[in-house]
Amino acid sequence: MHVEQTKLFELMKNKFVKAGVNEETANAMADVLVWADHRGIHSHGAVRVEYYAERIAKGGITNNPEYKFEKTGPTSAILDADNGAGHEAARYAMEKAIEIAEENGVAVVGIKHMSHSGALGYFTEMAGKKDMVALSVCQSDPMVVPFGGTEAYFGTNPIAFSAPSNDDRIITFDMATTVQAWGKVLDARSKGEKIPDTWAVNDKGEPTTDSRDVHALVPAAGPKGYGLMMMVDVLSGSLLGLPFGKHVSSMYHDLTKGRDLGQLHIVINPRYFTDLELFKKQISTMLDELKEQPAAPGYGEIYYPGERGLLRAKKYDEAGGIEIVDDIYEYLISDDVHYDRYHGKNKFAE
């Protein structure tokens, strides 16, 4: 079914408030989730609401956290988020990073002791809208086998990047370092669908198409994805003095405790390196030239990173709302805060 964007935002916000966070935090959480759903990134949208609400209700996300923001140098800073909602913490840290980059050209802001923050592209796009270039990385709990391995060690450890053009187009590249994000498996489960046999393995280390029989995910492009997820883990974990690799807390085990996750924003002000308008013009020219390239058979046309999400958003707007799975919508409109499905029997949500 299709749900009007404003209504979906209010449903999410109300659920989070009922679970226990303040209205400002609920607004930030709902904004990031609706941003994802609106672009068709349903793995990081409404499908996550029940999990967040349950963790809030059980005390695993701090209501009214006491942020501690510390400048550690002219271009560096650390935000201790007190295990507050990651969406709000990551947005606050990006706002600070943009301010620092405005003044000093570059900003590197780490966030520690935070909860899951949703789609990283939301935060890098914030910088893109301010004529900045941004890179963001975030660690996650172990659910990926290392290249050539059989047991999970690293998380899906995503990377996002944004850059502005001289029109309203913003490059927004957001990827998990696995073949597919875990949220895509959750999305498939919610719809009762199978997954491609290239996404994950079962408990025997064999490729599986059963979304409910996933033991671990696999790295994107084998050793390349494996190396990238290690890099992300170092930058958003060890660099901030946080747990690393298999020691990162589980998303689903104990919802009464904070996650203590890490994230790193890097923001670059093009004005400190070149003429801003020249930079933006080159980005626009690049996108135009890519669009003019002939597409291979079966591909239709070439898209720049983030373009397909904007096209999905336009399609939803024309349809009168964002497509949401029926049982998720039923949960959103219900009086229940949670169904207690995330009970810690295993690290993957049922």
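Author: In this predicted model, strands are DSSP runs of at least two residues, numbered from the N terminus. On that basis, D203 is placed in the loop between β8 (200-201) and β9 (216-217).

Reader: Why is D203 called exposed?

Author: The relative accessible area of D203 is 57%. Exposed means over 50%, so D203 is exposed at its value of 57%.

Reader: What makes D203 part of a patch of negative charge?

Author: D203 gathers on the surface with E206, D210 and D213. Asp and Glu count as negative, and like charges are joined within 9 Å.

Reader: Why does K71 count as partly exposed?

Author: K71, which lies in strand β2 (residues 68-71), has a relative accessibility of 45%. Buried requires under 20% and exposed over 50%, with partly exposed in between; K71 at 45% is therefore partly exposed.

Reader: Which residues is K71 in contact with, leaving aside its neighbours within four places in sequence?

Author: They are S76, A77 and I100. Contact means heavy atoms within 4.5 Å. As for L332, K71 is 261 residues from it in sequence and 40 Å from it in space, C-alpha to C-alpha.

Reader: Why is Y272 called partly exposed?

Author: Y272 sits in the loop between β10 (261-268) and α8 (276-292). Its relative accessible area is 43%.

Reader: What makes Y272 part of a nonpolar patch?

Author: Y272 forms this surface patch with I268 and F273, and together they have about 320 Å² of accessible area. Ile, Tyr and Phe count among the nonpolar side chains, which are joined within 5 Å.

Notes: Residues are numbered from 1 along each chain as its sequence is written. This is a predicted model: local features need pLDDT of at least 70, side-chain atom pairs count only at pLDDT 80 or more; totals for chains, interfaces and linings use all residues. Side-chain values use heavy atoms; hydrogens and water are left out. Patches are made of residues with over 30% relative accessible area and no salt bridge: like charges are joined within 9 Å, nonpolar side chains (Val, Leu, Ile, Met, Phe, Trp, Tyr) within 5 Å. Accessible areas come from the Shrake-Rupley method with a 1.4 Å probe; for residues, only the protein chains shown count as cover. A salt bridge is a side-chain nitrogen of Lys or Arg within 4 Å of a carboxyl oxygen of Asp or Glu. The place of a charge is taken as NZ of Lys, CZ of Arg, CG of Asp or CD of Glu. Helices (H or I, at least four residues) and strands (E, at least two) are DSSP runs, numbered from the N terminus. Buried means under 20% relative accessible area, exposed over 50%, partly exposed in between (1.4 Å probe, protein chains only).
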